[in-house]
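Please look over the sequence and the fold below before reading on. The paragraphs that follow go through helix packing, the nonpolar core and a few backbone details.

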Amino acid sequence: MNVTLVEVAPRDGLQNEPEILAVADKVALVRRSVDAGLRRIEAVSFVNPRRVPQMADAEAVMAEVPRLDGVSYAGLVFNERGLDRALAAGVDEINVVVVATDSFSQRNQGCSTMAGVERWAELAARARAAGLLRTVTIAAAFGCPFDGEVPESTVLELVRRVAEADPDEIALADTIGVGTPDRVRALVTGAAAIAPTATLRCHFHNTRNTGYANAVAALDAGVRVLDASTGGIGGCPFAPAATGNIATEDLLYTLARMGIETGVRIEPVIETGSWLGELLGKPVPALLGRAGLFPAPSRPQQ
């Protein structure tokens, strides 16, 4: 089995950190990820800089990232202005978020869920004409910080609606880390039946320590694209207690031990996680940098 990892630390990771990194450090994070073998990177967010100041320098970051064959850079886009900026900056992909509940959608995007669906359709049409890969992410698919449980039927109806704009990819996001493997299997199976031509992708947070179990459940249900954040940093600034994403290095360890290929080298990702912790002034949540690999790598003879 081959699995594609989408590295989200430069965007979803850094957007929830109080420390705002310099452009050079953000570019270095992207470069380190590329050097480790990651080929899809969510690098920036084209949102209102007053609401998410950590992402205010998206154009400057995109101007400096390494442009290599086979490396694809994604930008988060919420509206027409954001898409204009993304196109001018030269992204390869856009990610548009549609939130599963009106309460969270109003706080996150200032519109209802159905208005978000309509906005997605408009952005998808323009992005398709520009030749960009188009992902629509259904946020809070496993639970809402304001409304609580989100019925499976609600999420699957939303999958049907966003699929009408013919996305390349539909991502199911556990924005606040409340999902469990049984719910993951049910939503992935249901979404695959509704939108068979779209690639399914999953985005998990480890807020309640279920993120890695959910990732494995998604693979068992047929998903072959997973988001992860080096160091396990990140979260959503508009959702209370939405702590870090699943860590790229910890997920890589799990996949490697299961014999699953990703094309990503784990050692440099571990090193980047430690480096990120130094920049942010605190240890990162990822565990592999503390526990180490198993079996331990053999050292060359002196």
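Which residues in α7 meet which residues in α8? In this predicted model, the α7 side of the contact consists of Glu152, Val155, Leu156, Val159 and Arg160, while α8 brings Arg183, Ala186, Leu187, Gly190, Ala191 and Ile194. By class, the residues of this contact of α7 with α8 divide into 7 nonpolar, 1 polar and 3 charged. As for the geometry behind the contact, helix α7 covers residues 152-163 and helix α8 covers residues 181-194, and the two pack at an angle of about 30° with their axes 9 Å apart. Because angles under 35 degrees count as roughly parallel, α7 is roughly parallel to α8. The crossing in which α7 passes α8 is right-handed.

The axes of α2 and α11 come within 9 Å and cross at roughly 165°, and since an angle over 145 degrees counts as roughly antiparallel, α2 is roughly antiparallel to α11. Here α2 passes α11 in a left-handed crossing. From α2 the contact draws on Asp25, Ala28, Leu29, Arg32 and Ala36, and from α11 on Pro268, Val269, Glu271, Thr272, Trp275, Leu276 and Leu279. The residues of this contact of α2 with α11 divide into 8 nonpolar, 1 polar and 3 charged.

Helix α2, which spans residues 23-36, also holds Val27. With a relative accessible area of 8%, Val27 is buried, because buried means under 20%. Leaving aside neighbours within four places in sequence, Val27 is in contact with Val61, Glu64 and Val65. Between Val27 and Leu293 there are 27 Å in space, C-alpha to C-alpha, and the two residues are 266 residues apart in sequence.

In soluble globular proteins, nonpolar side chains tend to be buried together. The largest nonpolar core of this model has 96 residues, and those with the most contacts inside it are Ile138, Leu172 and Leu226. Helix α11, residues 266-280, gives the most to this core, with 6 residues. What does Leu226 touch, not counting residues up to four places away in sequence? The partners of Leu226 are Val3, Thr4, Leu5, Val6, Cys202, Phe204, Ala215, Ala218, Leu219 and Leu251.

The backbone deserves a separate look. Most residues other than glycine have a negative phi, and most peptide bonds are trans. Ala140, placed in the loop between β5 (133-139) and α7, has a phi near 55°, which is a positive value in a residue other than glycine. Is Ala140 buried or exposed? Ala140 is buried, with a relative accessible area of 0%. Asp166, found in the loop between α7 and β6 (169-174), likewise has a positive phi, of about 55°, although Asp166 is not a glycine. At 33% relative accessibility, however, Asp166 counts as partly exposed. Finally, the peptide bond from Phe294 to Pro295 is cis, with omega near -10°, and Pro295 is found in the segment after α12 (288-291).

Key:
Residues numbered from 1 in each chain as written. Predicted model: local features only at pLDDT ≥ 70, side-chain atom pairs only at ≥ 80, totals over all residues. Heavy atoms only, no water. Axes fitted to C-alpha atoms, helices over the stretch in contact; angles between N-to-C directions. Helix = DSSP H or I, 4+ residues; strand = E, 2+ residues; numbered from the N terminus. Parallel < 35°, antiparallel > 145°, perpendicular 65-115°, else oblique. Left-handed = near helix turned anticlockwise from the far one by under 90°. Contact = heavy atoms within 4.5 Å. Nonpolar A, V, L, I, M, F, W, Y, C, P; charged D, E, K, R; others polar. Core = buried A, V, L, I, M, F, W, Y, C linked by side-chain atoms within 4.5 Å. Buried < 20%, exposed > 50% of the residue type's maximum accessible area, 1.4 Å probe, protein only.
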